[in-house]
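Dear colleague,

Please find below the structure that I am handing over to you, together with its sequence. My notes on it follow directly after.

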Amino acid sequence: MAVARRSVALLGTTGSIGEQTLDVMRLEPERFELVAIAGGERLERLAEIAKEFGVTRVGVRTDAHRARLAGLVDARVEIVVGDAGLEALAGSADVVVNAVLGFAGLPVTLGALRAGKRLALANKESLVAAAPLVEAVRSTPGAELWPVDSEHCAIHQCLGGAAATPGHPDVRRLLITGSGGPFRDRDRSTLARVTRDEALAHPTWRMGEKITVDSSTLMNKGLEVLEASALFGVEAERIEVVINPQSVVHSMVEYVDGSVLAQLSRPDMRLAIAYCLGAPERLDHAFGAIDFAAGLTLTFEAPDRAAFPALDLAYDAARRGGVAPAWLNAANEVAVEAFLAGRLAWVDIVRVVAAAMERCPGGPLTTLEELLGHDAAARATATASLPG
Ligand SMILES: NC(=O)c1ccc[n+]([C@@H]2O[C@H](COP(=O)([O-])OP(=O)(O)OC[C@H]3O[C@@H](n4cnc5c(N)ncnc54)[C@H](OP(=O)(O)O)[C@@H]3O)[C@@H](O)[C@H]2O)c1
């Protein structure tokens, strides 16, 4: 049976998730048409992608980027700029993949849902920071929120795709798995000497730099607890983090009768991307398929919360609610950027976030203006505590 071709806006096209989404789309040209792309600094790559896929709408950050890109693409290509440009592109396709990095992805999340589109969400930071605002636009007619993040995609599948059922009273716990990152086995007394290269050497996944550093501090798991709570309407007390060093079990749902459903595959983000693009159909590519005959050992353990205090900071932000997750996210973005720039030691990333959280005033989050104000205040607070 012929399937109707879906138009896709892939924003954050030049990054790790963006390139893997292009891989999936190359395999399914009859099913998907790329109509809009956007990126940050890699303008040459953006121009190459526009040419390969015949894309005529491209988003860039600033007028200076627009001027540079205009010299690299066909004159027919429309170039839009900034947050307004991202939001316009997010309203222009059947499926919108938000693969932008960090809080900068917020216009894509809100724009896609407000326009009643299917949002395939990799950008966890926007949902963590803006959960109440996202919730308010999720009920727009036609709007769908599909999680690309592998753990949330796994939970979505274990819940039978019933992500929108609020509360899930038949669920005892959501179990978010994680590899434990590069420092799971590391002598704790040497954590003060962690280098940039060591933090970027993830044992099981190849990802962009920011999320790889978040994986090394376990802040990524903390953000994922907040993300799961917002996505599935399950309070953080019913969400647990479990280490599965093989990264084969991508997360689990424990029901009240003790039954546990898990989703397994070799680590390959294209599986989650294809799930979100193709649903309700499953695409026939077997990304991450497991050869059980070759043998498979699975182990599980609790995270070391003393060595990786980011997890407790995230649970605390979940308990406080309102603006607290936005502060956690913003302070973390500042600290990770400083670490990647060589201005902050690895052990100080979470200390900077903890110090910012002590200054977080708390309170509800009801408007975008409030969110932007709190994001800016948290960034200023974290920046002020960076070493001179
Ligand atoms: N990578 C993974 O396996 C993975 C897994 C789960 C979730 N995620 C989430 O997916 C998101 C993307 O992660 P990633 O690893 O793909 O990051 P990445 O490799 O660093 O790519 C980030 C993308 O965002 C673009 N970008 C940055 N700022 C932008 C802006 N202001 N406007 C438009 N585009 C902008 C970048 O453009 P330039 O490169 O051109 O500067 C790049 O295309 C993150 O939220 C991450 O947490 C990633």
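Leu 43 is buried, as its relative accessible area is 0%. Please note that the model is a predicted one. Leu 43 belongs to helix α2, which covers residues 43-53. Leaving aside residues up to four places away in sequence, Leu 43 is in contact with Val 60, His 65, Arg 68, Leu 69 and Leu 72. A distance of 22 Å separates the C-alpha atom of Leu 43 from that of Arg 206, a residue 163 positions away along the chain.

Is Asn 329 buried or exposed? Its relative accessibility is 0%, and because buried means under 20%, Asn 329 counts as buried. Its contacts, again without residues up to four places away in sequence, are Phe 103, Glu 125, Val 128, Ala 129 and Leu 223.

**The sheet**

The model contains an open sheet of seven strands with parallel pairing, and the strand order is β4-β3-β2-β1-β5-β6-β7. At the edges are β4 (78-81) and β7 (144-147), each of which pairs on one side only. On average, neighbouring strands of this sheet are turned by 25 degrees against each other, with direction ignored. Four bridges join β6 (residues 118-121) to β7 in the parallel sense. Within this part of the sheet, Leu 121 is placed opposite Pro 147 of β7.

**Aromatic pairs**

How many aromatic pairs does the structure hold? There are three. One of them is formed by Trp 146 and Tyr 275 in an edge-to-face arrangement, with 5.6 Å from centre to centre and 65 degrees between the planes. Trp 146 is part of strand β7 and Tyr 275 is part of helix α11 (residues 269-278), so this pair ties together parts of the chain that are 129 residues apart in sequence. Trp 146 and Tyr 275 are both buried.

Phe 308 and Trp 346 also form an edge-to-face aromatic pair, for which the centre-to-centre distance is 6.5 Å and the angle between the planes is 85 degrees. This pair links distant parts of the chain, 38 residues apart: Phe 308 is in the loop between α11 and α12 (310-320), and Trp 346 is in helix α14 (residues 346-359). Phe 308 and Trp 346 are buried as well. Together with Phe 183, Phe 308 and Trp 346 make up one aromatic cluster.

**Packing of α7 against α10**

Two packed helices are described by the angle between their axes and the distance between the axes. For helix α7 (residues 150-158) and helix α10 (residues 219-232), the angle is about 35 degrees and the axes are 10 Å apart. The crossing of α7 with α10 is right-handed. Which residues meet in this contact? From α7 they are Glu 151, His 152, Ile 155 and His 156, and from α10 they are Lys 221, Glu 224, Glu 227, Ala 228, Leu 231 and Phe 232. By type, the residues of the contact of α7 with α10 comprise four nonpolar, two polar and four charged.

With kind regards

Methods. Residues are numbered from 1 along each chain as its sequence is written. This is a predicted model: local features need pLDDT of at least 70, side-chain atom pairs count only at pLDDT 80 or more; totals for chains, interfaces and linings use all residues. Side-chain values use heavy atoms; hydrogens and water are left out. Helices (H or I, at least four residues) and strands (E, at least two) are DSSP runs, numbered from the N terminus. Buried means under 20% relative accessible area, exposed over 50%, partly exposed in between (1.4 Å probe, protein chains only). Contact means heavy atoms within 4.5 Å. Two strands pair if DSSP finds at least two bridges between them. Axes are lines fitted to C-alpha atoms, for helices over the stretch in contact, and angles run from 0 to 180 degrees between N-to-C directions. Rings of Phe, Tyr and Trp (its six-membered ring) pair if their centres lie within 6.5 Å; planes under 30 degrees apart count as stacked, over 60 as edge-to-face and the rest as tilted. A crossing is left-handed if the near helix is turned anticlockwise from the far one by less than a right angle, and right-handed if clockwise. Ala, Val, Leu, Ile, Met, Phe, Trp, Tyr, Cys and Pro count as nonpolar, Asp, Glu, Lys and Arg as charged, and the others, Gly among them, as polar.
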